[in-house]
Amino acid sequence: MIGCMEHLPSTEAALTALREVARAYHREIEVSHDIGADQTSRRTAAGVGATADPDGSLPHEAFVEFGGSPRISVRLYPDDEGDADALITVEGVECADVPRDAVPAFVRSVLSGLAYVKGKRFPPGYRLIVPLPGDETYKEFIPMVTLTPWLSTHVR
């Protein structure tokens with residue numbers, strides 16, 4: 001069972017959930033934080049020395065790397081008007097715009113073996129398929145030249 005998705009109101013709440021997933025699957029986890037409007041990747045308009053948003057809040061972005069195989073990294077973006085999302089990379093395959101609330105379930109799905117690679121003969125190609133609770137599924141195209149050993153062993 002993947003587990004139900006809960007609302008994660010902040011980057012720190014998502015990090016806590018990812019630490020629990022790492023603990024459950026006996027994985028090392030490395031986290032780096034970017035805090036402040038002048039530090040986060042989506043704050044290109046922040047003025048020199050501006051660390052807070054116009055509403056006075058400090059945006060918090062984090063980058064998480066899981067040890068072991070498969071290689072998984074997660075970039076948690078700050079909440080911009082209620083649309084916080086993440087970029088999850090599995091073995092070099094980028095899954096963009098994953099809602100922050102779905103990130104722990106996404107990582108659980110990959111680590112528990114539910115995620116798989118689907119191949120097609122015509123047009124030739126592969127897709128990483130990651131099922132989530134509630135009949136939600138993420139599908140990302142994989143160029144054939146980038147199939148890693150882990151991706152190759154999960155082809156159906």
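In the predicted model, Pro70 is found in the loop between strands β2 and β3. The peptide bond that joins Ser69 to Pro70 is cis, with an omega of about 5°. Such a geometry stands out because most peptide bonds are trans.

The strands on either side of this loop may be described in turn. Strand β2 spans residues 60-66 and includes Glu65. With a relative accessibility of 37%, Glu65 counts as partly exposed, since the range for that class lies between 20% and 50%. When residues up to four places away in sequence are not counted, Glu65 touches Glu28, Ile29, Glu30, Ile72 and Ser73. Glu65 and Arg27 are separated by 38 residues in sequence, while their C-alpha atoms lie 9.9 Å apart in space.

Strand β3, residues 72-76, is mostly covered, with four of its five residues buried. This strand pairs with β4 in the antiparallel sense, and the pairing extends over five bridges. Within it, Arg75 stands opposite Leu87 of β4. Strand β4 covers residues 85-90 and contains Thr89. The relative accessible area of Thr89 is 17%, so this residue is buried. Apart from its neighbours within four places in sequence, Thr89 is in contact with Arg71, Ile72, Ser73 and Glu94.

A negative phi is found in most residues other than glycine. Glu91, however, has a positive phi near 50°. Glu91 is placed in the loop between β4 and β5, the latter comprising residues 93-99. Asp135 likewise is not a glycine, yet its phi is positive at about 60°; this residue belongs to the loop between β7, residues 125-132, and β8. What is the relative accessibility of Asp135, and is the residue buried or exposed? The value is 79%, and Asp135 therefore counts as exposed. Glu91, by contrast, is buried, with a relative accessible area of 7%. Glu91 is also in contact with Thr148, as is Arg71, when the neighbours of Thr148 within four places in sequence are left aside. Thr148 is located in the loop between β8 and α3, a helix of residues 149-153. Because its relative accessibility is 13%, Thr148 counts as buried.

Phe106 belongs to helix α2 and Tyr138 to strand β8, residues 136-142, so the pair ties together parts that lie 32 residues apart in sequence. Both Phe106 and Tyr138 are buried. Another ring, that of Tyr116, has the charged end of Arg156 sitting over it, 3.9 Å from the ring centre.

In soluble globular proteins, nonpolar side chains tend to be buried together. The largest nonpolar core of this model has 35 residues. Those with the most contacts inside this core are Val74, Leu76, Val103, Phe106, Val107 and Leu128. The contacts of Leu128, leaving aside its neighbours within four places in sequence, are with Val90, Val93, Cys95, Tyr116, Val117, Tyr138, Lys139, Glu140, Ile142 and Leu151.

Finally, the protein may be considered as a whole. Three helices and eight strands are present, and from the N terminus on these elements run in the order α-β-β-β-β-β-α-β-β-β-α. Of the 156 residues in the protein, 40% are buried. The accessible surface comes to about 8700 Å², and carbon and sulfur atoms account for 52% of this area. Among contacts between residues at least 6 apart in sequence, 47% join residues at least 24 apart.

Notes:
Residues numbered from 1 in each chain as written. Predicted model: local features only at pLDDT ≥ 70, side-chain atom pairs only at ≥ 80, totals over all residues. Heavy atoms only, no water. Helix = DSSP H or I, 4+ residues; strand = E, 2+ residues; numbered from the N terminus. Buried < 20%, exposed > 50% of the residue type's maximum accessible area, 1.4 Å probe, protein only. Lys NZ or Arg CZ within 6 Å of the ring centre and 35° of its normal. Contact = heavy atoms within 4.5 Å. Core = buried A, V, L, I, M, F, W, Y, C linked by side-chain atoms within 4.5 Å. Areas by Shrake-Rupley, 256 points an atom, 1.4 Å probe, with all protein chains shown as cover. Pairing = 2+ DSSP bridges.
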